[in-house]
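Me: Could you walk me through a few details of this model? I'd like to start with helix packing and then move on to other things.

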Amino acid sequence: MFKRWLLALVARVGFIVLGLCCCLLLFYLLSCKPVSHGSQQSLLWSGGATTKEGFMALLQEREDSHRRYINSLTKQIAQLKEALQERTQQLQESLDKAKTNGILPLGLESLHKTPTQSDLKEFFRSQLNQAEVNLGVKLPNEYAVIPFDTFTLQRVYQLERGLTRHPEERPVRKDRRDELIGTVESALHVLNGPHQHTDNTRRKHTYSPSDFIEGLARTERDRGSVYELTFKGKGPQDFTQLVLFRPFGPVMKVKSESVDTRSMLINIIVPLSKRPDAFRQFINNFREVCIQQDGRVHLTVVYFGRDQIEQVKAMLDQTTRETRFRSFTLIQLNEEFSRGRGLEVGARAWRRSHNVLLFFCDVDILFTSDFLTSCRLNTEPGKKVYYPVLFSQYNPAIVYSNHTLLPSVKQQLVMRKETGFWRDFGFGMTCQYRLDFINIGGFDRNIKGWGLEDVHLYRKYLHSKLMVIRSPSRGLFHLWHEKTCADELPPDKYKMCMQTKAMSEASHGQLGELIFKRERNARSRSNFTEITRVVTDKPNKTL
């Protein structure tokens, strides 16, 4: 009896255990089954075009997933390398200090010996110290200057144009594109890195490619490449500048600093003699850019003579009445016009503060608010002066000869090889601080009239310890105007004036068309005569 009961109990328990195992197995299969697999299979094997589309979608999904994984690993490796370099440097400094104090423990002498990686790092540092990054170097003349290229995320503004001869373009070479894009990515990695926020506890902004404004880049062939990148800050007048150096190897962080331009007033100095129409065009642009957009400028006009000065005064008074802008200074000199003399007087007439940022300008120059920002960012008292290369217009009557009406001045401000050229032989437009200008000796006061005074000042800066920032400016234009070379000019100045006049008139191809216009018209008439003869002869042959 007991045995029967025991057997029945064991059988019941066995069935219950077996049922539980089956339930657990079923639950395990349901939970481990990939949900998307069935949908993918149905997508892949439903036949026809859907099979191909599903397969391509799956491949694209896998590729995107692998790319994200690779990018994540790349960032982690870069962070680990940076942490390892910092720890190695800390250890090296500790060992150096211990050896200096004579307390280096026994057995650690071998650690104090610089390893191969430190040798490489020291070499990179020596390349950085010898390159023109933190300090300027003395140069023999203006031909020894290595100009910067200006670049944005879409365009490169360059002096070395190669076969394309385009003043601005998308980089043609892939290695050039990768270089600039990689530099911006490296800058973003530095700015968004964990150590960047320790430098300034207030900085919580996460930078993205849309924050990048523009960069300067140049390569010293025996040292490496220097990059100066500018990013937007918290406000419209706040910027972050990052200097990177590539010593023919990985880029190195040189410095990262926030630049506040709110208090950076620019004193724009314009020497003038007559030319009221040109000054009217200049003051219209000044009202739009400086008064309405920027608001942190002062205009100093140094006028030579008395003829037509009342018109200049009337334009300044009208601007004050209509805009309530009163930051003007008009200085009148009863002398023969001398550009250098006018700029010198305007710079030394400043009395508001000990030092101010100066922009030496001409009346036929048109600039944008972006240029004013570049003027502030590329100058530094006692360290840097800015010599932008402006874009000079050709004669609009020749450029737009096939138009019935000339486009407006703003519509003419396009950078193409048919419309103008980089005026890389001109050094008249420059931004520098007043004390740097005075300490360097200012202009050569013996030069009268037109030309050479700007070249002499430029050479003074090249021979000094100040760094000269020479780069194309996308916001600075020289408007075309009729140029007259006076017969009383010295031979060297007259030759320079005529060369400038020829270069500013039209492009090489356009000048060629003008020169050979008569020959081209004669050829057109000859072709027309030949066609007419053939047409008239054909009916006769038919008859």
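This is a predicted model: local features need pLDDT of at least 70, side-chain atom pairs count only at pLDDT 80 or more; totals for chains, interfaces and linings use all residues.

Me: OK, at what angle do α8 and α11 pack?

Reply: Helix α8, which spans residues 276-294, packs against helix α11, residues 369-377, at an angle of about 70°, and their axes are 9 Å apart. Angles of 65 to 115 degrees count as roughly perpendicular, and α8 and α11 are therefore roughly perpendicular to each other.

Me: Which residues make that contact?

Reply: From α8 the contact uses Val-289, Cys-290, Gln-293 and Asp-294, while α11 brings in Ser-369, Leu-372 and Arg-376. Sorted by class, the contact of α8 with α11 has three nonpolar residues, two polar ones and two charged ones.

Me: Switching to cavities, how many are there of 30 Å³ or more?

Reply: The count comes to three cavities of 30 Å³ or more, and the largest cavity has a volume of about 70 Å³.

Me: What lines the largest one?

Reply: The lining of the largest cavity consists of Glu-214, Gly-215, Leu-216, Glu-228, Thr-230, Gln-241, Ser-374, Leu-377 and Asn-378. The elements that give two or more residues to this lining are β4 (212-220), β5 (224-232) and α11.

Me: Which element gives the most?

Reply: That is β4, which gives three residues to the lining of the largest cavity.

Me: And how does that lining split by class, nonpolar, polar and charged?

Reply: The lining of the largest cavity has five polar residues, together with two nonpolar and two charged ones.

Me: Now backbone geometry: what is the phi of Arg-275?

Reply: Arg-275 has a positive phi of about 50°, although it is not a glycine. Arg-275 is placed in the loop between β8 (266-272) and α8.

Me: Is Arg-275 buried, partly exposed or exposed?

Reply: The relative accessible area of Arg-275 is 34%.

Me: How accessible is Gln-308?

Reply: Gln-308 has a relative accessibility of 28%, so it counts as partly exposed.

Definitions and conventions
Residues are numbered from 1 along each chain as its sequence is written. Side-chain values use heavy atoms; hydrogens and water are left out. Axes are lines fitted to C-alpha atoms, for helices over the stretch in contact, and angles run from 0 to 180 degrees between N-to-C directions. Helices (H or I, at least four residues) and strands (E, at least two) are DSSP runs, numbered from the N terminus. Angles under 35 degrees count as roughly parallel, over 145 as roughly antiparallel, 65 to 115 as roughly perpendicular and the rest as oblique. Contact means heavy atoms within 4.5 Å. Ala, Val, Leu, Ile, Met, Phe, Trp, Tyr, Cys and Pro count as nonpolar, Asp, Glu, Lys and Arg as charged, and the others, Gly among them, as polar. On a 1 Å grid over the protein atoms alone, a cavity is a set of points where a 1.4 Å probe fits but cannot get out, and a pocket is an open set with protein on both sides within 12 Å along at least five of seven lines; lining residues have an atom within 4 Å of a point. Grid points are joined across faces, edges and corners, and a volume is the space filled by probe spheres set on the points. Buried means under 20% relative accessible area, exposed over 50%, partly exposed in between (1.4 Å probe, protein chains only).
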